Structure formats: C-alpha cells, structure tokens
Amino acid sequence: SAGAEIGQLARFLSIPVATALNAKGVILDNDPLSIGVAGEYSRSCANLAVHEADLVIFVGSQTGGLVTRGWSVPEESAKVVHIDINPENLGRNYMHTTGVCGDAKTEIMQMTEAAKLSGKPAPQREWLDRISELKAVWRKSAQQFETSDDIPIRPERLCRDISDMLPDDAIVVGDTGHAGIWMAQNFYATSEKQT
C-alpha cells in the first residue's frame, strides 16, 4: 500500500486528499488535508473539492463510475495525473491524462523526493481555506443526523457512534450499498492502527 507515502507527499505539498471507499483511512479523517471519500459513496465536500480542483492525481484507481460519480467528479476537462501499475487503466476515462505506469508506492516516493529537491512550496492558502469551508458545511449538515435521537436509530448516528467507541486497533468491515454510503460518510478513521 502507498498510504504512508501519499500522506507524506500530501503534507509536504499541502495537497488535500480524497479517497475511494476502499482506501478510506489512507489519510485519517481528522487530518486537516483529508476531505473524505469521493464518488458515489461520498461526502459532498469531497466531490465538490475534486470537482473544483485544477489538477487531480489518481493513484491506483481504475477511475470507474463509482469513484468518479459517473465520470462527473472531476469533470471530463480536468487535468489528471494517473498513477497505476496496469497500463490499460491509464487515460481510460479522462482525455487530459498524464499517465504514469508503475508501482504506486515507488512513484509517490519518487514524486516526494523530486518535490523536496525543488524546495517546500508555500501552501495555497486560498485553496486550503476553501477545503476547510467545504468540510465545515458538510460537517454541519451531517451533525444533525449523527447526533439524532430518532427511533429507530439513524444509520448515520450508528456509524458515528461505532467509530467513536472503537479501540485504536479495530478492524472494520463494511458492506456495499447503503451501508457503504454511511460508512464512507459517517464512519471516521482516526487511528493509523485501524484497518
């Protein structure tokens, strides 16, 4: 997995990170650069951020319909860098793609080294503020469901309560469908020991 390397590159360059559902936890939900799961099973803030980005880097993704919400996130005209070990995946769904064929971990490590040689750039404050704003709006809308006292219990509250009560070394398995949607949105990966 290239999770640790993605986190190092993101922190060095101050790049917000959205994940697919199967990569949830690559960057912890409480990290300021984490914007959540993008795509069909997503937080609206992640989809908006990916949609508004001037460059999107896909790492180890087939850029299929679920992770791109029917190829609308990012929009088709977006500039894309796609890193994948399978050359058949590169540029398959986005025309303006720069393909990088290789092992994701190795490629991200090389990108980090190249970035360090160039020197640490100044954070893009305006973009990071926009990410914070999108996350705050999403959190406010999610909070009403995550703290609801409705009976039967709302799934959003159940997912939030489970994530709040789990030990740091918990292993969590979620199913697809509606359960996947609530796990993507309302379950919070907050420990690097959780999988």
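Start by selecting β2 (34–37), which supplies three residues, the largest share, to the lining of the largest cavity. This is a predicted model, where local features need pLDDT of at least 70, side-chain atom pairs count only at pLDDT 80 or more, and totals for chains, interfaces and linings use all residues. Residues are numbered from 1 along each chain as its sequence is written, and side-chain values use heavy atoms, leaving out hydrogens and water.

The space inside is about 40 Å³. (A cavity is a set of points on a 1 Å grid over the protein atoms alone where a 1.4 Å probe fits but cannot get out; lining residues have an atom within 4 Å of a point.)

Next, pick serine 42, in the loop between β2 and α2 (44–52). Is serine 42 buried or exposed? It is buried, at 7% relative accessible area (buried means under 20%, with a 1.4 Å probe and protein chains only). Its side chain makes a 2.9 Å polar contact with that of asparagine 47 (a pair of N or O atoms within 3.5 Å, one able to donate a hydrogen and the other to accept it).

Last stop: the open sheet, ordered β3-β4-β5 with parallel pairing. Its edge strands are β3 (55–59) and β5 (97–101). Zoom in on isoleucine 57, whose bridge partner in β4 is valine 81. Strands pair if DSSP finds at least two bridges between them; β3 and β4 (79–84) have five.

Key:
Helices (H or I, at least four residues) and strands (E, at least two) are DSSP runs, numbered from the N terminus. Buried means under 20% relative accessible area, exposed over 50%, partly exposed in between (1.4 Å probe, protein chains only). On a 1 Å grid over the protein atoms alone, a cavity is a set of points where a 1.4 Å probe fits but cannot get out, and a pocket is an open set with protein on both sides within 12 Å along at least five of seven lines; lining residues have an atom within 4 Å of a point. Grid points are joined across faces, edges and corners, and a volume is the space filled by probe spheres set on the points.
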